[in-house]
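This briefing is for a reader new to the structure shown below. Please look over the sequence and the model before going on to the points.

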Amino acid sequence: MSKRKYTHVQELLPEIETMLAEGKTQREVAEHFGFQDKQVVKRLLERERRKERKLKNGILPRPKGRPRKDAEPKDIVAEQAYEIRRLRMENELLRDFLQSTGRK
């Protein structure tokens with residue numbers, strides 16, 4: 001059984017688009033690059049058209065997967081202001097609790 005041969009098709013996109021603009025068919029492009037069949041080229045073009053359609057409609061591409069733990073926060077000032085408000089509320093709540101129990 002032979003190993004699966006994988007090609008990063010995304011990197012070949014500019015060349016594929018120029019070949020198609022010159023008038024070559026998807027099958028000819030696939031044979032030129034040694035792909036299994038024309039479906040590789042067809043799916044690549046479909047993905048690209050979908051991305052362009054989403055960008056045109058104002059939908060920005062989002063990163064896939066879960067964000068990293070050590071990722072930088074997007075807005076540090078707003079995040080710090082939120083944290084300060086939260087801590088002040090927590091301190092006030094603890095002071096009220098201690099006063100109601102008669103400890104201070």
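How many helices and how many strands are there in the chain? The chain has four helices and zero strands, where helices (H or I, at least four residues) and strands (E, at least two) are DSSP runs numbered from the N terminus. This is a predicted model, in which local features need pLDDT of at least 70 and side-chain atom pairs count only at pLDDT 80 or more, while totals for chains, interfaces and linings use all residues. Residues are numbered from 1 along each chain as its sequence is written, and side-chain values use heavy atoms, with hydrogens and water left out.

**Overall form**
- The C-alpha trace of the chain spans about 85 × 40 × 15 Å along its principal axes.
- Of the 104 residues of the chain, 12% count as buried (under 20% relative accessible area, 1.4 Å probe, protein chains only).

**Helices α1 and α3**
- The axes (lines fitted to C-alpha atoms, for helices over the stretch in contact) of α1, residues 13–21, and α3, residues 39–56, come within 12 Å and cross at roughly 100°.
- The two helices α1 and α3 are therefore roughly perpendicular to each other (65 to 115 degrees, on a scale from 0 to 180 between N-to-C directions).
- Leu13, Ile16 and Leu20 of α1 meet Val41, Leu44, Leu45 and Glu48 of α3, with contact meaning heavy atoms within 4.5 Å.

**Helix α4**
- The 26 residues of α4 (residues 76–101) should span 38 Å at 1.5 Å a residue, and the end C-alpha atoms are 37 Å apart, which agrees; the expected span is 1.5 Å times one less than the number of residues.
- Gly102 follows α4 and has a positive phi, near 80°.

Technical notes:
Parallel < 35°, antiparallel > 145°, perpendicular 65-115°, else oblique. Buried < 20%, exposed > 50% of the residue type's maximum accessible area, 1.4 Å probe, protein only.
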